[in-house]
Protein chains: 4
Amino acid sequence: MSDFFAGIPAVTYEGPEARSDFAFRHYNPDEMVMGKRMEDQLRFAVAWWHSFAWEGGDPFGGPTFQRPWFGDTLDHARAKADAAFEMFRILNVPFYCFHDADIRPEGASFAETTANLEAMVDYLGQKQEASGKRLLWGTANLFSHRRYMAGAATNPDPDVFAYAAATIKTCMDATHKLGGANYVLWGGREGYETLLNTDLGREREQAGRMLQMVVDYKHKIGFEGTILLEPKPQEPTKHQYDYDVATVFSFLSEFGLQDEVKMNIEQGHAILAGHSFEHELALAREFGILGSIDMNRNDYQSGWDTDQFPNNIPEVALAYYEILRAGGFDTGGTNFDSKLRRQSLDPADLIAAHVAAMDVCAAGLKAAARMLEDGELEQRREDRYAGWRAPSAEAMLNGGKLEDCFAHVMETGLDPQPVSGGQERLEALVARYL
Amino acid sequence: MSDFFAGIPAVTYEGPEARSDFAFRHYNPDEMVMGKRMEDQLRFAVAWWHSFAWEGGDPFGGPTFQRPWFGDTLDHARAKADAAFEMFRILNVPFYCFHDADIRPEGASFAETTANLEAMVDYLGQKQEASGKRLLWGTANLFSHRRYMAGAATNPDPDVFAYAAATIKTCMDATHKLGGANYVLWGGREGYETLLNTDLGREREQAGRMLQMVVDYKHKIGFEGTILLEPKPQEPTKHQYDYDVATVFSFLSEFGLQDEVKMNIEQGHAILAGHSFEHELALAREFGILGSIDMNRNDYQSGWDTDQFPNNIPEVALAYYEILRAGGFDTGGTNFDSKLRRQSLDPADLIAAHVAAMDVCAAGLKAAARMLEDGELEQRREDRYAGWRAPSAEAMLNGGKLEDCFAHVMETGLDPQPVSGGQERLEALVARYL
Amino acid sequence: MSDFFAGIPAVTYEGPEARSDFAFRHYNPDEMVMGKRMEDQLRFAVAWWHSFAWEGGDPFGGPTFQRPWFGDTLDHARAKADAAFEMFRILNVPFYCFHDADIRPEGASFAETTANLEAMVDYLGQKQEASGKRLLWGTANLFSHRRYMAGAATNPDPDVFAYAAATIKTCMDATHKLGGANYVLWGGREGYETLLNTDLGREREQAGRMLQMVVDYKHKIGFEGTILLEPKPQEPTKHQYDYDVATVFSFLSEFGLQDEVKMNIEQGHAILAGHSFEHELALAREFGILGSIDMNRNDYQSGWDTDQFPNNIPEVALAYYEILRAGGFDTGGTNFDSKLRRQSLDPADLIAAHVAAMDVCAAGLKAAARMLEDGELEQRREDRYAGWRAPSAEAMLNGGKLEDCFAHVMETGLDPQPVSGGQERLEALVARYL
Amino acid sequence: MSDFFAGIPAVTYEGPEARSDFAFRHYNPDEMVMGKRMEDQLRFAVAWWHSFAWEGGDPFGGPTFQRPWFGDTLDHARAKADAAFEMFRILNVPFYCFHDADIRPEGASFAETTANLEAMVDYLGQKQEASGKRLLWGTANLFSHRRYMAGAATNPDPDVFAYAAATIKTCMDATHKLGGANYVLWGGREGYETLLNTDLGREREQAGRMLQMVVDYKHKIGFEGTILLEPKPQEPTKHQYDYDVATVFSFLSEFGLQDEVKMNIEQGHAILAGHSFEHELALAREFGILGSIDMNRNDYQSGWDTDQFPNNIPEVALAYYEILRAGGFDTGGTNFDSKLRRQSLDPADLIAAHVAAMDVCAAGLKAAARMLEDGELEQRREDRYAGWRAPSAEAMLNGGKLEDCFAHVMETGLDPQPVSGGQERLEALVARYL
């Protein structure tokens with residue numbers, strides 16, 4: 001279909017000793033991990049935007065990539081799709097993800113843009129059928145066009161809100177038609193550049209309404225996938241309302257949507273918010289809103305979203321550990337929201353980067369599974385809180401009072417002694433599974 | 001009572017041309033600002049811990065200060081109190097704040113510690129009566145002693161929870177007895193050093209229970225002050241559960257306490273969480289939980305809590321602007337949670353630092369009041385959202401649907417055009433009031 | 001010439017009470033500040049790139065600005081120049097700055113590009129003559145085109161080095177012809193994305209050679225301006241070799257160029273490197289390499305280069321204080337390397353932003369001058385080191401030995417006592433001049 | 001000698017499958033790595049301060065550790081040394097490091113302090129002889145005592161300079177007597193808290209003089225070890241003069257000491273300065289000043305120096321790769337400047353943390369050696385710059401001129417095309433050796 005990747009073989013598992021850039025050393029789709037095929041645990045997806053739409057620009061330079069499909073016509077869009085499905089075949093990934101703007105040319109009007117989208121949905125539908133590839137999630141790009149410069153749902157102009165809502169409808173329709181497993185909302189410009197011109201309370205209301213409309217429409221059309229929100233603290237905005245998992249949870253709670261919406265959590269966004277990836281995953285799990293992940297890594301010495309391919313197995317293992325503790329993915333998966341460095345011009349770079357990242361994830365998942373199955377880490381965690389299983393401790397949590405605690409401490413002369421947290425020994429324990 | 005500040009005169013308002021370190025150039029307690037005396041708007045408080053208890057140590061060095069009241073006896077504690085009230089008199093501040101550990105020596109047992117606290121509360125009560133000074137808030141230090149190394153409310157050991165609860169009771173009693181306007185909770189170690197040994201969900205439950213107990217006890221004893229929680233993202237912990245205003249709001253919502261508890265917001269903590277101070281204040285105001293502030297500044301080039309005295313009027317003005325938009329303080333106030341640099345050894349440093357900080361706050365407040373009274377900034381903000389006053393826009397917010405928006409956009413060929421956000425002009429406008 | 005700013009009056013000094021966005025409240029060109037006209041102290045320049053070439057894009061969105069001069073022809077370039085000089089007139093700024101790529105269209109070949117540059121230099125020369133405006137500095141854009149994606153002077157491909165060198169020659173010629181006061185080098189991509197493919201030592205040699213060639217060529221053509229290097233720690237690269245002033249000084253020293261090259265220091269770059277602006281300025285002054293400044297501000301909550309217009313007078317005052325301590329600018333000046341927020345679409349935004357920034361700088365300069373003329377701050381600084389004027393102390397610095405110090409301490413039982421650093425009182429002192 | 005570690009066996013290599021906290025899984029001292037025994041490549045040292053002197057305090061809490069040797073007498077100091085050497089035996093580390101303040105009690109006078117130091121040096125000398133353990137480096141603590149609050153060499157008071165110089169002499173004598181392989185200088189307070197009271201140029205001169213005195217004294221006493229400087233950007237100061245490797249190199253160059261002094265580079269300090277550890281190591285290697293390392297890790301989400309034990313093999317491998325490229329350590333080594341988390345109270349924590357860290361380093365070293373011996377990474381790096389081997393390219397570097405480059409580009413119509421940097425493929429290559 002596309003000869004863009006000509007000469008690059010389909011990538012298969014060849015074992016840890018393989019030396020080629022086009023062989024899996026760890027990712028073995030049919031290998032069983034905690035009762036599921038590895039493919040079904042990881043549920044890898046390729047992101048259309050970074051791999052096929054991004055041109056290699058950055059704030060100080062223009063495009064570096066020169067892809068045959070760059071252009072504004074439906075022919076270009078189809079050529080892009082051909083290359084994409086060719087890459088999915090080579091990589092043997094089961095899923096992909098897109099924004100509307102990634103897959104269709106912008107039209108001269110909303111109607112034309114919508115028609116373009118529908119045409120491409122048909123085309124992708126055919127390619128899905130031919131290939132067996134599936135859509136992990138679709139989403140609407142409500143941040144790149146200048147109409148959204150001051151936000152989409154949170155725009156001071158209700159016409160932009162309406163335009164965004166209409167666009168989301170088309171994207172939910174597209175996702176539904178393509179059998180998407182989830183629908184994602186990332187509010188890239190739902191935030192502010194300066195508080196001086198911003199009505200925080202009103203914008204919050206607007207965002208809440210839009211989310212309710214998304215949930216309503218999901219039910220109306222019978223979309224059975226999960227609605228996912230993706231937190232990010234900032235960039236391009238100074239402040240984004242979906243700062244982190246805790247912030248989004250407060251938002252969902254306020255609007256009564258905590259049972260309708262889950263989180264799509266990205267490593268790089270966690271880092272920008274001052275958290276580890278595993279923190280955000282664990283917190284979402286505890287809130288019952290862990291949905292899917294955007295897998296990448298953020299450079300620890302850069303203060304912006306670098307979206308690099310993951311390359312650190314110990315870090316990735318801790319992330320999958322939290323996911324496995326949640327029972328693994330349901331409708332979610334591992335989307336590579338990772339982009340080539342802009343100097344990586346070659347088709348082979350695109351394949352090799354994904355292959356390496358898939359291997360890093362596979363190795364991390366396997367280590368996480370060993371750690372969980374072995375059980376020692378969870379045992380130590382449980383032991384640390386063992387005192388709370390005492391009836392008196394449980395009683396304190398269920399209706400305890402300050403004055404009762406006071407009386408107890410006074411009467412018994414209680415003088416609790418600190419106990420080692422054992423952090424280094426736990427880290428050493430984790431290292432054994434890697 | 002104390003001759004520690006011998007030779008330093010009582011500080012009074014002398015006008016902008018005053019050159020002495022011991023004169024107010026902006027703070028004029030009786031001057032009216034937005035309908036209240038400046039003193040009643042700002043409600044300044046001195047923090048006992050930094051000014052009287054901190055010895056000048058840092059992670060790489062021991063004490064630098066040599067105060068006559070350093071020591072572990074009640075006599076030392078009374079000498080400390082004498083110096084404190086002498087400073088309040090010199091500065092003409094109406095309020096002060098303390099942790100239990102600041103004002104009383106630790107005893108050999110909980111009972112002895114409590115007795116020490118009660119003795120000092122009596123002593124402070126007498127000093128309050130003699131001076132007219134008041135307690136803005138009291139709090140319990142549940143982080144310095146080694147028993148709290150793994151948290152207080154969130155400790156894996158229920159005995160520590162009980163000990164902390166008992167201690168809070170004594171501190172609430174103390175605050176109540178001294179007529180405190182608020183009671184504060186800062187969970188310095190309510191967080192974790194490593195996720196590996198932490199049960200996030202359980203610790204959250206424990207924290208929720210403790211907060212409920214505090215609220216219950218408040219009502220039981222008839223304390224009419226406000227319960228305040230103070231967010232901080234980290235330090236000394238890797239992660240603190242009370243990360244920022246949004247996070248705490250999600251916590252309050254979860255436990256149904258959003259009408260019982262407000263926020264005590266600190267500039268330095270906002271900065272550590274990746275926010276501006278005014279962001280945290282504005283967000284708390286929108287949530288209806290803006291209570292009080294810890295005024296200081298964090299060095300922008302340092303990654304830890306530097307707790308410096310504020311010195312930047314433009315920044316402080318933006319903070320008070322958000323407070324005035326909320327109607328000003330109710331029970332809250334401006335607590336100087338600011339500490340001398342450890343090289344500032346002299347008694348005069350302690351006075352001069354507070355004088356300068358009070359002036360910065362007064363100048364900032366006056367600028368904020370001018371800005372609000374003039375009304376142009378708020379007018380521009382309102383104008384920006386004017387489109388939302390149209391009935392069709394309001395309808396969209398109240399029951400709108402994606403499909404209706406879609407139909408509307410398709411029918412009208414809606415193509416919203418971006419409008420300047422005018423940020424630079426707004427910043428220029430703000431500058432005019434400074 | 002250009003009607004882009006139609007309706008906006010020429011901006012003049014109207015005094016502190018002026019309320020218009022198009023009036024100076026502090027900037028009064030003819031007012032004397034430390035023996036020079038304010039205009040001659042500040043030497044304001046407008047940056048061509050942000051004001052006329054930047055289209056409002058960011059990493060998550062395309063252009064927002066729609067300027068009549070956007071396009072790839074010489075006609076567009078001339079229209080852009082017309083608007084620029086119209087703005088210089090309105091603002092009454094004496095200087096401007098450019099990269100080659102800002103003022104001329106890229107050609108199909110190096111020769112054509114050079115011809116375009118020469119044509120525009122002629123055009124700008126005419127406009128300079130007609131307006132009296134001058135060039136503060138010119139520079140070559142060696143980072144935007146994809147040929148420079150791996151650096152210019154430090155590129156692994158010597159052809160890129162040659163191409164860059166040839167381009168610099170044309171830009172130095174252009175600057176020379178236009179009577180530029182300085183020539184600047186900013187090595188936006190002279191650094192690396194990954195150490196794995198980088199030969200640090202070799203790239204350093206290449207950079208050294210290029211700089212030597214620039215200095216040689218300056219002397220050859222008799223350019224009497226100053227060669228300036230602009231430090232920046234990173235972005236777009238992961239690491240840039242010209243990290244900060246200290247790093248660049250080590251580079252200049254290594255290649256023996258410390259008397260030939262000075263620094264162009266940017267506020268935002270200082271912040272990204274973990275320094276205050278005044279630190280970088282003071283350090284350059286002590287090294288004798290303080291040349292010029294790029295005035296802007298970096299958002300303290302954003303981890304990338306935000307290039308905002310300065311709006312904080314206390315901060316700007318500290319910067320000018322270090323400049324005035326160096327005797328003020330020689331060939332350098334205050335270049336507004338500041339860009340509109342991408343939502344600030346209107347021509348009036350561009351004017352108003354500069355007006356406000358010029359006022360902030362003027363107010364800061366005047367405060368700095370008062371502080372320096374008053375002399376108290378410098379007196380306190382000098383007093384702090386007074387002990388070093390003792391002959392024994394001077395002797396220690398000139399040939400002292402550890403063993404002599406040891407003998408002295410042992411013999412005298414020396415036990416030096418700490419003295420207050422007085423930081424808060426110094427900050428209070430500074431506040432008095434603001 | 002000490003029963004502090006009673007019950008903990010001597011740790012030996014048991015292979016990757018070992019599960020005990022007290023077994024090496026990777027560290028096998030006699031295994032050959034690139035021509036040396038692993039022990040001789042890694043040259044592990046234990047840091048006296050963190051392991052034996054630190055009491056577990058942090059800025060918000062007091063001591064948590066309760067060690068029998070805590071106290072101010074020589075008996076305590078000897079008990080501490082007994083425990084230390086017992087730990088060296090258990091861990092089978094060849095080296096240790098100390099500050100004077102770690103090993104001896106402070107006396108009432110300089111003379112007494114010196115006598116205490118000498119007594120302890122004798123004691124350590126005996127223990128060295130009995131155990132075969134060696135001193136990797138000694139250093140003077142010139143930052144903890146309040147006399148140093150404003151710096152040691154850079155203090156405004158020349159008496160403090162003299163006192164510091166005298167102290168350094170005693171510490172160099174101690175290090176010399178104990179056969180130390182290096183002598184280290186870390187200027188923990190050689191920097192400033194505020195520029196307002198600081199004479200940058202003068203303080204730089206003072207620091208230069210002190211360093212010269214150290215070098216002179218080294219030669220005078222015939223100390224054959226290496227003088228090492230340890231960069232750190234800040235903390236406890238706002239700014240430290242020894243910011244990073246590049247800054248220190250500029251300092252050494254200015255004072256002509258670049259052949260006399262090398263770098264002791266710490267992971268955590270690199271991170272605080274905005275660099276990766278491998279960057280600082282590579283840069284020092286290129287400057288010819290790579291000496292020794294302080295091995296730890298800094299929490300990426302914390303803005304202060306966390307000094308944690310290393311636990312990430314991929315990161316550590318990249319560090320050792322740069323060291324091996326430099327030919328490995330000469331007099332330097334791997335000092336664990338790592339401290340227990342303050343909740344890790346147990347003797348076993350101290351042992352287990354070091355065991356795990358030694359294993360991480362050993363695994364990292366072995367991976368680095370495989371990578372270097374295999375040669376593919378270095379081959380790819382060399383290939384990337386192959387163009388520079390052409391005579392015309394070499395000529396350009398040796399005396400090239402801008403005008404020649406210009407002529408060449410014009411004549412040939414040179415249009416260099418970008419080539420992939422291959423970052424992801426290089427990262428994948430690195431992963432194969434891990």
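**Exercise 1.** Determine which residues Glu266(A) is in contact with, leaving aside its neighbours within four places in sequence.

*Solution.* This is a predicted model, in which local features need pLDDT of at least 70, side-chain atom pairs count only at pLDDT 80 or more, and totals for chains, interfaces and linings use all residues. Residues are numbered from 1 along each chain as its sequence is written, chains are lettered from A and ligands numbered from 1 in the order in which they are written, and side-chain values use heavy atoms, with hydrogens and water left out.

Step one is to find Glu266(A) in strand β12 (residues 261–266) of chain A, a strand being a DSSP run of E with at least two residues, numbered from the N terminus. Step two is to list its contacts (heavy atoms within 4.5 Å), which are Glu230(A), Phe277(A), Asp294(A), Asn296(A), Asp305(A), Asp307(A) and Asp337(A).

**Exercise 2.** Decide whether Asp294(A) is buried or exposed, and find the side chain with which its own side chain makes a polar contact.

*Solution.* Asp294(A) lies in strand β13 (residues 290–295) of chain A. Its relative accessibility is 0%, so Asp294(A) counts as buried (under 20% relative accessible area, with exposed over 50% and partly exposed in between, using a 1.4 Å probe and protein chains only). The side chain of Asn264(A) is the partner, at 3.2 Å.

Technical notes. Helix = DSSP H or I, 4+ residues; strand = E, 2+ residues; numbered from the N terminus. Polar contact = N/O pair within 3.5 Å; in protein donor to acceptor, adjacent residues only side chain to side chain.
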